[in-house]
Every structure is written in structure tokens, then in C-alpha cells.
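Here is a short briefing to read beside the coordinates.

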Number of protein chains: 2
Amino acid sequence: MMITANRLPASGPGYAAGMPNTPVVTLQHIADLVGVHKSTVHRALRGDPRVEAGTTERIRAAAAQLGYDPAVNQGARALSLRKTGKVESNQLIALLFPVVFTRGAYFQRMYVSFMEAISLARYDVLARIHDTAVPSLPPSVVRGDVDALVALNHPKELAAVQTALAAVPAPLRRPLITLFTPMPGASLVTADLHQAGRLSMAHLLDLGHRRIITVANMAFRSEERVEGCRAELAARGMDPDRHLVALESDKRIPDEEQRLAEVLDRLLAAAPDATALLAPQDQAAQKFMRLLAERGRPVPERMSLMGCDDTDPVPGPGGGNILSSIALPLEQLGREAANLAMEAPAEPRTIVLPVSLRVRATTRPPT
Amino acid sequence: MMITANRLPASGPGYAAGMPNTPVVTLQHIADLVGVHKSTVHRALRGDPRVEAGTTERIRAAAAQLGYDPAVNQGARALSLRKTGKVESNQLIALLFPVVFTRGAYFQRMYVSFMEAISLARYDVLARIHDTAVPSLPPSVVRGDVDALVALNHPKELAAVQTALAAVPAPLRRPLITLFTPMPGASLVTADLHQAGRLSMAHLLDLGHRRIITVANMAFRSEERVEGCRAELAARGMDPDRHLVALESDKRIPDEEQRLAEVLDRLLAAAPDATALLAPQDQAAQKFMRLLAERGRPVPERMSLMGCDDTDPVPGPGGGNILSSIALPLEQLGREAANLAMEAPAEPRTIVLPVSLRVRATTRPPT
DNA sequence: CTGTTAGCGCCTTCAG
DNA sequence: CTGAAGGCGCTAACAG
């Protein structure tokens, strides 16, 4: 192994111009100024009641005067605390996510509320795009500089994160919080996707649909959603296998448009009498809508269509969104993940948030 | 001053379950294993040629075997290096931005390419939402943990950042890179907004427009854009004051819709014979379009309209974008900011990227 | 109530 | 070519 020397250029005159040459203030400096020992300074600044009130006062004043900032010497503090096994919060949460999620409203809505919750508490976010190409953990995480990790990704990548995390020394290891995908030993923040399946199925059944098709593998935990669909059928005493046809899209087809067309054609072949399509995501719903029209099944006249997530509106003639969908509480998911991360609970916890049905114009009784 | 004890819960059994109890490996551990002094280990791992080749080999093997990770003990290294005034890169870039920018395509496009460039180089991003409500610098920045800061904000907030930065001890202070807004002593990455003004004005003049109205204070550095407009007129030997009417919107009006309506009414009153409107942003353009229609001046029949930024499409009847605009290289801006930050140049540098005209359907010759 | 000491892990200088 | 010692700034245990 090789420790690469990766030096930073020293702050040059360009930045020094007009900038004060503030030195690094240490406890010793304050001690010298007040005329006490540095450990007394340490105790005074921590509010140790054993220090005489007057001394504490003088020390605090000196610290303020010198501009002492405990944050500056966090490194030394962490080093020292390691001796006794204590860990101090750095007010920093790591967030790992794949590149693909940076595009699209889905992730953005969670991300923004996550950032807001973090910033509100005066924490910071260590963001890293985490792909299989970059499987390593950020140095700050390895160093134990973060209070917790939040990871949003597919199971395989999450497993890689856990493996990497297992390799960091136990005292520096921090809790992991995943979004949507449960991982053993990690906290989980998710939406009730089973309920999402039940609600969408209930809506279509209430409208009178009896042959419904869906794609089983497109979004996070699609299987949970499909299970919910089947559970709703079962709860009504109906045969899931008869009323719901779920097929998987072929992930080997790189082009999304083609992939959707291919699975749609298979679905329609398997259930030519289907009257409703459950799309696993709004984005896909929009595309399915066009594909269905091309196949002589315009939505909603000849086919009802439901999205999921309620993130990407399908504008109708009036400009408003016409897509019936299941709304996920994305903002709340981001917030809950942030709050859980800042709590950094010693024991893994699971938070499941409710979803809600949004009935709009793409669903109607079958003709 | 008070150093608040902000302890983290120790990693509990929940996380330890199935997790190896990896200890923190230090140079001393390797030294013990190989039977040499820890300073020899240090030298060997750094590739110091003075160490005997065989010894180096054995030390490296031992390090690998124990799973030594230099990142784990960065804190101690930084502490020690402080003695000699050296600074080591943490592969970490701070990014400060206001909440408002997290919504909308404008920021997102820059942000994603910024993150991608950073991640590609195996760096990380320390993200903080920086508002006037949270004027302090992240502890990691104060501690000198980042290699550079990138800040995207309005001049007042940027000034606050510089003030806060001036207060951090000189050896821990890192270079600042701003986007769009030049600050003395900081690097700048921006688009050629003067050119944006010239190009949009040139386009309208070429179409035959002679009375053009615009808003002077809505986007970043609007004044530069307006100056460009005037420069184009001057370059053609035309009187800027006669052909261009620029007014400021009233920032005290909280509702954006109302604010735009108010300035539009003033503009139309000041130049009733105007045939074209230059909107400072695409988002505003979309709203101006509706406001103009309401005022009996439909775009483009009775009024030509240009956006700026080319971020928010205005869908036409065919679904495609119909808004003529000036495209800013937002992805490139993000990338350049990232690269500049990772270079962390000692001397401030300025990067100005070109913009380009996008002619679409909202501009046509005056009738 | 306050001072002294040792040590967290590393790097560097000085000895040998 | 390798070892020993000192110190970065902090905290905690031990003296007084």
C-alpha cells in the first residue's frame, strides 16, 4: 500500500490579500492570556462547576477576545477522545445515491426536503454519487467524521455499502439508514408500498375493472406493490391470478421506450381483455399512455391507466394533471430520513409512511 | 463561550450484529507485527527510498494484512502536519447554495454536472444550504477539512461567506469559487452574460424590432445582460435609450406573479409601442407570455418574447419548446466550478463560458 | 478548586 | 538504513 502525498497548494497571496492573518487559537493561548493552566481553560469552557466562577468568567472573556473556535481543533479532540472510546458529533450526515436519481422530480423532492431538514438543524450533508464504479466509502465516512449514512440505491449497491462499512473499524462505524430497500442491521425509511398496491387495485376494482395488467419490476420494491394488489383482490375474495397479470420488463433492453413497448405487448398478448394498466411509475405511465394510443387503446376511453409516485404530471387539455396515481410522501420521506440520521439511533429503526390515492382523469369504469 | 457536549450514541449491538469488530489499525500495530519502529513503517508506506527494499515489502504486506487504511487516521496526520505548516487534501469540496435554487431546472442542471465531475475524481461534496438565517460556515470548512468552497448566491450572502471565511485561521482557510457573481479575492466561474444581452438584442434587431422592453433586476447579474443589450445597440450606431426600455421589478412585492404583472404594466406604460419583451429568465418568460395575452398582446402575433437560460421550455401546440432564448452552458458551468475547486488554485482565476442563441417560435418580425 | 501528566496517531528532526 | 524523541491540541486521570 502507498500513502499518496496529495498536497494542497498553500494559500497564496491572492487569497491573503485583504484577509487577516488569523492564527489558530488553542486552549494554551487562552491559558497564557489568563494565567492559568490549559486544563483549567478546558474545564471552564465546558462549564465544569468545579472551576471558580470568576476564573470561568475571565477565561470565557479571553476565549471570546482571541476568537477561540472549538470547531477548529475538532481533529485533536477526536484523537484524544478515541482514548476513552467516546465519539463526538460532527453535525454531518453522509448521503449516498446513484447518478440516475439526480435527474427527475422523484429524487429531487426527497433530496430538497432532506437538505432542508439537515440545514435547519445546522447539520451538513456529505454527498456522494455512489455507483458500482465508485464502490468505496468517502474518506470522511471511513474516518468516522459523519454521524450517520443515508443511502438510496438498489439492493446490490446497498449491499456493497454495507460490506464497505463492515470494513471500517468498529469505533468509527456509523449507523446506516436506507430508503425504500430494507437491509439487515440498517434503519429503514420507506413508504407503505404494499398499501400503494392495495389502494390502486381497490380503486380500479371499485370502478368495475376485472382484468388488470401491471409491470412487476420497474421501481423500488415493485414486488411489494404487486403483493399489495394481490392482497386487495384476496381481501375481496377474488382470485389474484385471474384478475391481475404482472410481467417483468426485460432489463437487457437498454432503450427505455423499447423496453416499455416490449413488456406492454407481452402484457396485452397475455391479457387481451385487460381494461386497466397499473404503471409502476408516473414517468412510465406517460409513455405507456402514448404506446397504448398507438395500439388502438386510447386512455381513458378504451383503457384506464394509473401511475405511481405522483411525481410527474401528465398535462391534459386544460393544462392540469390528468394522471390518476398513488402519492408518495416524498418530502416527508426526506425529512424522516434526515431526522433519523441526525438521531443516529444505536438500534436500527423502521419508519413506514402512508401513501394516498389521487383519482384523476385517466381512470374510469370500463366500457 | 461554551463547548457543548454533543455526544453520539455508541454503536449498539444492533449494528454490531454480524459486523466484524475491526479495531483501528495504526502504524504501531504494523511495526509490532514486522518488528521495526513505527517511523520505519511510516517511511516504508510513503515509499521512502532510504528504507531497505525487503523491509518495505514486509511492511507493506503487514499493512495489507492488518487492513491499514491511512484515511482512518487523517485527523492525527493533519494535527501533526500543522506543526510544519503543511496541508493535505481531503478530497472534499464544500458547496454552499440557497434553498430557492434547489427547485427548478436551472440549479439542478449545474448541480448534477458538478456532482458528477466531483465524483468522477473521487472527491466528495459537503453540501450546505446557505441562507441569511444560517450564516455560519460548516464546521468542516472552519476546520480546514475541505479543499475549496464553491458558493452560488447573491452578492450579500457571498459577502457574508467571505467575512466568515476571513475569520477562519489563515492556515485553515481555503480558496473560494463563486458562480456568476464576481467577488474580490475569489475565483469566478460564469457565463458571458454580456454576450447573452448582445445576442438577444441582435436577434430582435435583425427581426426588425425597434422598441424593446426588459426587466433589469431579476436574475444573476442582470445588469451585465442589459449592458450587453445596450452595447449591441451602440455597436449598430443606435441610441440605447431610445430602443431599449429597462425597468426594475419591485422586490417588495412578495408574490412573483403580481411582481411580474406590476413591472410589465409599468413597462407597457413607458413604451406602449414596444414590440418585443426580453425576459431575464425562462420561468418569467412563461408567465409574461400569459400576462401579455391577458393584456391583449398575444405572443408572438402582437409581441415577440425572448427568455434567457434556456432551462424551462414553453410547450407549444406540438409539445415542443417554442420559447426563443439564450442557452447558458449550465452543465459546463458546474463542471468547470468542480474542476477549479479541485485544483484549489492559490491565485484567484476567472472562467467565462460562451452562451448561444436559440431561435424558436416566440420571436418573429413585428407586424 | 487547580496543576501535572500521559497519550490519542502521526510526521519530522536528530542520532546513530 | 533505522530508532528515538518531541510535539500538533485535546481530554481524562491523578495529584495536590
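**Helix α6 of chain B**

Of the 16 residues of α6(B), 12 are buried, so the helix is largely enclosed by the rest of the structure. The model is predicted.

- The buried residues of α6(B) are Y106(B), F107(B), Q108(B), M110(B), Y111(B), V112(B), S113(B), F114(B), M115(B), A117(B), I118(B) and S119(B).
- Helix α6 of chain B covers residues 105-120.
- At 1.5 Å a residue, its 16 residues should span 22 Å, and the end C-alpha atoms are 22 Å apart, so the two values agree.
- R122(B) follows α6(B) and has a positive phi, near 65°.

**Aromatic contacts**

- Over all chains, the search of the whole structure finds 11 aromatic pairs.
- In one of them, F97(A) and F107(A) have ring centres 4.8 Å apart and planes at 40°, so the pair is tilted.
- This pair links distant parts of the chain, with the partners 10 residues apart.
- F97(A) sits in strand β1 (residues 92-97) of chain A, and F107(A) in helix α6 (residues 105-120) of chain A.
- F97(A) is buried, at a relative accessible area of 0%.
- F107(A) also counts as buried, at 6% relative accessibility.
- One aromatic cluster takes in F97(A), F107(A) and Y111(A) along with F97(B), F107(B) and Y111(B).
- Two members of that cluster, F107(B) and Y111(B), are among the buried residues of α6(B).

**Domains of chain A**

- The domain assignment gives chain A domain 1 (15-83), domain 2 (92-191 + 331-355) and domain 3 (193-328).
- Between domain 1 of chain A and domain 2 of chain A, the C-alpha centres lie 34 Å apart.

**DNA strand C**

- DNA strand C is surrounded by 28 residues, the closest being H37(A), T40(A), H42(B), Y68(B) and K86(B).
- Of the atoms of DNA strand C that come within 4 Å of the protein, 65% belong to sugar and phosphate.
- An N or O atom in the side chain of R46(B) is 3.1 Å from a phosphate oxygen of DNA strand C.
- S80(B) places a polar side-chain atom 2.8 Å from a sugar or linking oxygen of DNA strand C.
- The elements giving two or more residues to this surface are α3 (38-45) and α5 (74-82) of chain A, with α3 (38-45) and α5 (74-84) of chain B.
- α5(B) gives the most, with 5 residues.
- The surface near DNA strand C divides into 7 nonpolar, 11 polar and 10 charged residues.

**DNA strand D**

- Around DNA strand D there are 28 residues, and the closest are L27(A), H42(A), Y68(A), K86(A) and T40(B).
- Sugar and phosphate make up 65% of the atoms of DNA strand D that come within 4 Å of the protein.
- Phosphate oxygens of DNA strand D lie 3.1 Å from a polar side-chain atom of H42(A) and 2.9 Å from a polar side-chain atom of N73(A).
- H37(B) has a backbone N or O atom 2.8 Å from a phosphate oxygen of DNA strand D.
- At least two residues of this surface come from each of α3 and α5 of chain A and α3 and α5 of chain B.
- By type, the residues near DNA strand D are 7 nonpolar, 11 polar and 10 charged.

Conventions
Residues numbered from 1 in each chain as written. Chains lettered and ligands numbered in written order. Predicted model: local features only at pLDDT ≥ 70, side-chain atom pairs only at ≥ 80, totals over all residues. Heavy atoms only, no water. Near = heavy atom within 4 Å. Polar contact = N/O pair within 3.5 Å; in protein donor to acceptor, adjacent residues only side chain to side chain. Helix = DSSP H or I, 4+ residues; strand = E, 2+ residues; numbered from the N terminus. Nonpolar A, V, L, I, M, F, W, Y, C, P; charged D, E, K, R; others polar. Domains from an automatic or database assignment. Phe/Tyr/Trp six-rings, centres within 6.5 Å; stacked < 30°, edge-to-face > 60°. Buried < 20%, exposed > 50% of the residue type's maximum accessible area, 1.4 Å probe, protein only. Expected span 1.5 Å × (residues − 1).
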